Amino acid sequence: MHQKIFSKSRIKIFIGFTGLFFLILNGCFPHHPQSTFNTQGPVGLEQERLFILMFWLAIAVFAIVQSVLIYVLINFKRREYPIPGTDIRIPDVPPKQVHGNTKLEIIWTIIPVFLLAAIAVPTVQAIYSTAKPPISENVFEQPLEIEVVGHQWWFEFRYIDEGIVTANELYIPTGRPVNIQLKSQDVIHSFWIPKLAGKVDLVPNNNNTMWIQADTPGDYSGQCAEFCGIAHGRMRFRVHAETPENFDKWLESMRTPPVPFVGEGYGLFLANCSMCHTIDSYTSGSYEREVKIQDERWSDWYSDPEGAVRVSAPNLTHLAMRTTIGSGEQELNRENLIKWIEDPSYFKEGTRMQEVAQIYEGKKAKLSASEIEAITDYLLSLAPPQLESSSTQLETELVSKEWDSPEEQGEYLFTSYGCASCHSIDEDETKIIGPGLWDIYEKSVSKVEGLSAEEYLEQSIRYPNEYIVEEYPEGVMPLIFENLPVEEIESLIAYLKTLSKK
Amino acid sequence: MTTLKYPTFIPRPKEEYSGFLGTIWSWITTVDHKKIGTLYGITAFIWFLVGGIEALLIRLQLYAPEAKVLSPEVYNQVFTMHGTTMIFLVVMPLSAAFFNWIVPLQLGARDVAFPRLNAFSYWTFLFGGILLNLSWIFGEAPNAGWFAYAPNSSFPYNPGYGVTFWIIGLQALGVASLAAGFNFLATIINLRAPGMTFFKLPVFIWMTAVVNVLIVLAFPIITVALLQLMFDRQFGTNFFNAVQGGDPVMWQHLFWLFGHPEVYILILPAMGIVSEVLPTFSKKPLFGYSFIVFSGIGIGFLGWFVWSHHMFTVGLGPAANSAFAISTMLIAVPTGVKIFNWIATLWGGSIRINSSLLFSVGFIAMFVIGGLSGVTHASPPSDAQQQDTYYVVAHFHYVLFGGAILGLFSGIYFWWPKMTGRILNEKLGVAHFLVTLIGFNVTFFPMHWLGMDGMPRRVFTYPEGMGWDLSNLISTIGAFSIALGTLIFIFNVFFSTRGPKNAGNDPWDARTLEWTISSPPPHYNFAEIPEVKYRDDFWFKKYPELAHGEVSGASASEVNNDDDHHVEMPDLSYYPFFLSLSIVLILGSLLDLSWNGSWYIAGVGILMFVWSLLGWSFEPVNEETSNQKDH
Amino acid sequence: MSEVIAAHDEAHHNSTGIDTRKLLMWLFLGSDCLFFGSFIATYLVYRNRSLVGPYPSEILDIPLTTISTFVLLMSSLAMVLALNYTQRDKPVAGRYWTLITACLGAIFLGFQVYEFNHFVNLGLTPKTNMFGTTFFVLTGFHGAHVTFGVLWLLTYAFSCLTTSLKERAILILSIIGFLMIFFAVLMSDWLHVIPHVPFNTVMAIGGAGVLILLISLILLRKTSTPKGIAVSQSMNLELSGLYWHFVDIVWIVIFTIIYLVSAKDVAPIIGM
């Protein structure tokens, strides 16, 4: 019954397995954007090394077990057997009745133990070495501290020490460890950049940390890896690893105001989008403000998902510097952006924007095509001027127009800043979102003790949360008028004075 | 004992019902373990087809980038229901079908310890499965994944009926599994044939025992987790509400503390089947019986200490991750021991290659691949790249499809003659095996590459340019090959039903007690309870000359199975059916507490519950028996 | 379900000599350990994580719960006596003690209803904070177990130890009498669980309850049950006894963890 070890079938099996190896090797495509092979940082490299060690061990075990199995099947096949259902029984000599062999049992218990020990030791080493970045004395190699906040369905990136907030595209310097604090405001997400490091989850109430480091500059693709709801498959992001010089340039550009924009898009944006999207994270104190307001936006939604008018949303400061929209889904260009504003579900179904924002009725935006184009143009203008010219004084073109009266200028500003979309100016004071403004000047006189009507109105424009009219929620009005020129404030007040019976 | 007489409102069902309705009534009131096993098997196979269609829908949606076969919402529902169905409605009840059919027969018993409880398990399983799938009618099937991680499964992120359906459906299935778990453990402990000590038990019985210990201990945990989630959703408690200080990770701990033993609940029955099939067809005793038994117990035991390997990326810290990595790797040792012993069983045997054996060998081959890929993500740093990717999908399909399902198919081909008296067509069986095995590998092997290529799980589509297109296309083609294989099996079943009942008592020259009686077995199984001398008792009775080295002793006398000696079997009962129905009605009424109709449904359910519980308690097992005792 | 399986293993051979129904009960109790274990683990994990009050130290009344705990422990003693008398073929004493066991269980439940009601009045509901959530659900499920046990004992006492229809009717009367007292106490000004019931109505219900209970208890002092019936039915009582003692032990653990260990818990240690 026992055949030669090197039979023809054995050779065939060997050839088969060699073919399988090549197949497996071809299966790993290190050039693919999210391949976990050919990783580019110390964390990813460590993880890849461990996998490859286990992979070859597994291949060895696989080859041995499967070839023995096939060998057994071929070698010990029974050629004759009784035919069921008939009385014909071909006499068949039962094989030797072996019940077991303790020596063998011990051997094949101990061999796996050793193999596993060979994996367990580097595993534990790697667990600890990938947990925290190596400590360095060098000031310039101190880790960059970043906070990643997961939202349904996009990522917010906060540079804690630099005071910068951005979304969906993370810039990091090469050759320097990046410490990441992982937080989530809603459900569980997972932060994963396959080319740089394995994933760590973002769990509400659990502040996780991870660290990454990119050794070569480049754009790395990342994706949420924990099922988080309807748009989980569309929750992607990019990591731009820049040389330290370029990274510093990026930091500076994020602190520079954009080129002033002329056109109705600005007002439309303020009226329709600014309740959730921040665009001014270059101003001082903006970091703390953004953290606070993002939290309030989310609380608004959480306490009443059906009736909420706002929800946490990506910061759009210097949007035009980014390469993608829809959280890493689509290339950023005018055409895509128009489609996105028109109907976000064209690219991404289930966005909170479509669900919460007042401008969406059903799936479509209630804005006209020209209005959407205007907003798009405005958004695409959101980029810092070339850094060389940033030191020169910025010209303000907005007020260059000649006005006949401050009231006229005020009326123009009132519409172009989008005040009318939240505040009614009719006599019946229909409630839109904010308080109606009919007769506001008369009422302002006695609103706050110690403030004249002018002072009160200026405060309400610049710092709306200082005094909140009863029955209206705090923090709804965008905090973007803090730095309006005095002249504009004056003309706005002049215009508001006209809203009266007198 | 007139004291126990209790007024019942419907007369006690009798055996002699005829006609279509009578047949249905006889199935509803049956307490026969074989009939209940058949019900389990047929129901589970229908769910298998449903789950398979869901799998095909998933593969269709993913066949190419940006495909629009399913919307994201429907895709989420489909993959959630695919997982839930395959685990709770297919593999577990299909295993239960074998427990029901085979355990009493292999033990030499006439039925399980509690026949009515057994019927109750089946009906609760059936109604629970129906309740779960009713969600499709509402258009709101569960959509939070079979793991339903809070808070994605809680308000306000997941309003609607979907997750509630999932909770109440699983509660019903949990009740069914627990009842069956108690029953089979009691059966195995107390109804062994005289002489059948624990170390003479067939390995299938051993694995059944381990599985049911796991069920009895693991299901209360998921029950609690589901109750907490339900209270959060329906009554506004804060168990997983992060805003009030609740911890979403708590859900994961509870879920995986159940979920990992559950994995062994799924795979161990198949391991038991393989341990019966291999010795039979190689005509050798199982190699290293006690090592296989103890490694099965070891797997069941270690299974309690590894749950956090599902949570390596949750951020439990390096110390916890190291501990769970090592405990997880340890599980590979008993698993390896089993594999080596199975191969050693075949070694030197006289192997009869047929479809049952091929499925068992396929089980070993595929399970080795799944086990090895499992080791690669037992290591947290490596797992950080693989967690929640298609690599994991590949891994668990290699153990659950390549393992559990192939093993269960092996059992179907093996025991089909005993259950029906007919042998399944061999050529079609081999075709079924080959198409399934090849289709399976074509489907799931490329998923290893997809995962290592960075494709996450549970995404409803993927963009172009990621390099995932070809592998996904191949995988979809493979999925349809598996469907083809299943069609061959269905055809085989219908084709073989037309053949004569010529299997005889012992078509495979097999080893255990079930093959001593006729096929299909009589209602009472054994006219005389057999006495057991050896492990593989029947084999050594047939070939006493091979019993060299076995415990000596005279062989038991020949059993005469033609005369039923007026064996007293428990009477039929409809109470299990109505008790199950009432439980599912009560659970169903929790779906929407704001709807007034719920209260009526709950009321009807509670009344029916009280009536059937009391009726069951006071109903004598056997009218004749109690009457006789009165005299 | 497992606890209501009627005897039908006579036809079977028994391998270990342990009664199969008792085996099933032990398996069920083992499983139930994990059930309560998971709830208790959840309670411990969420200790000190309430973001708002009331905290345990502000609300738990330890002397009161000590009394109810004592009542429940005494019910275990009554249970032992009930089983003891039944096994010695004394159905009358067995019946009295079974009823006493159920009554003590019901008194415990009354304490729990009062406590729940009191806490809700003080502003602690299952929705309030983590303590409310874990406290109500854990003790609530224990209460559900006790309720089931009381009903089980009452059905048992009412059905198994007698053959006479008359005695069964009197047993039902005694249960009704007891329930009337139970609800009268809940309606009283003293507990105020069921509010706005006139004093006279409360007294009428309570008084009638006392009367009915007393008369039926006196009538129950004799039985026409034949010899041997009680012994043959004692396994039924033993099963409910196992369950009852288990539920008591669980309460001791819950009492220790909630009322003794975490009695001084105040504002959260882990700020979120």
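How many residues does the contact take from chain C and from chain B? The contact takes 55 residues from chain C and 57 residues from chain B, where contact means heavy atoms within 4.5 Å.

This is a predicted model, in which local features need pLDDT of at least 70 and side-chain atom pairs count only at pLDDT 80 or more, while totals for chains, interfaces and linings use all residues. Residues are numbered from 1 along each chain as its sequence is written, chains are lettered from A and ligands numbered from 1 in the order in which they are written, and side-chain values use heavy atoms, with hydrogens and water left out.

## Chain A

Chain A has 502 residues, and 50% of them count as buried. Buried means under 20% relative accessible area, exposed means over 50%, and partly exposed lies in between (1.4 Å probe, protein chains only). The secondary structure of this chain consists of 13 helices and 14 strands. Helices (H or I, at least four residues) and strands (E, at least two) are DSSP runs, numbered from the N terminus. Among the contacts in chain A with a separation of 6 or more, 65% are between residues 24 or more positions apart. The accessible surface of chain A is about 23800 Å², and carbon and sulfur atoms hold 57% of that surface. Accessible areas come from the Shrake-Rupley method with a 1.4 Å probe; for residues, only the protein chains shown count as cover.

## The two interfaces

The size of an interface is often given as the accessible area lost when the parts come together. Buried area here is the accessible area (1.4 Å probe) that two parts lose on being put together, summed over both. For chain C and chain B the buried area is about 4600 Å², with 71% from carbon and sulfur atoms. For chain B and chain A the buried area is about 8500 Å², with 67% on carbon and sulfur atoms. The contact between these two chains takes 109 residues from chain B and 96 residues from chain A.

Between chain C and chain B, 15 residue pairs are in polar contact (both at pLDDT 80 or more). A polar contact is a pair of N or O atoms within 3.5 Å; within protein, one must be able to donate a hydrogen and the other to accept it, and residues adjacent in sequence count only if both atoms are side-chain atoms. On the side of chain C that touches chain B, α1 (20–45) and α5 (130–159) of chain C each supply at least two residues. The largest share of that side, 15 residues, comes from α1(C). By class, the side of chain C that touches chain B has 27 nonpolar, 22 polar and six charged residues. Ala, Val, Leu, Ile, Met, Phe, Trp, Tyr, Cys and Pro count as nonpolar, Asp, Glu, Lys and Arg as charged, and the others, Gly among them, as polar.

Across the interface of chain B and chain A there are 23 residue pairs in polar contact (both at pLDDT 80 or more). Several helices of chain B give two or more residues to the side that touches chain A, including α3 (72–107), α7 (248–282) and α9 (318–346). The most comes from α9(B), with 16 residues. The side of chain B that touches chain A divides into 63 nonpolar, 32 polar and 14 charged residues.

## Salt bridges

Side chains of opposite charge can pair when their charged atoms come close. A salt bridge is a side-chain nitrogen of Lys or Arg within 4 Å of a carboxyl oxygen of Asp or Glu. The count over all chains is 28 salt bridges. One salt bridge lies between chain C and chain B, and two lie across the interface of chain B and chain A. Some of the pairs are listed below.

| Pair | N to O distance |
|---|---|
| C:Arg49 and B:Asp247 | 3.9 Å |
| B:Arg458 and A:Glu226 | 3.8 Å |
| B:Asp506 and B:Lys542 | 2.5 Å |
| B:Asp509 and B:Lys542 | 2.8 Å |

What is the relative accessible area of B:Asp247? B:Asp247 is buried at 10%, and C:Arg49 is buried at 9%.

B:Lys542 is partly exposed, with a relative accessible area of 25%. B:Asp506 is buried at 18% relative accessibility, and B:Asp509 is buried at 3%. In chain A, salt bridges that share partners join A:Glu147, A:Glu156, A:Arg158 and A:Lys183 into one network.
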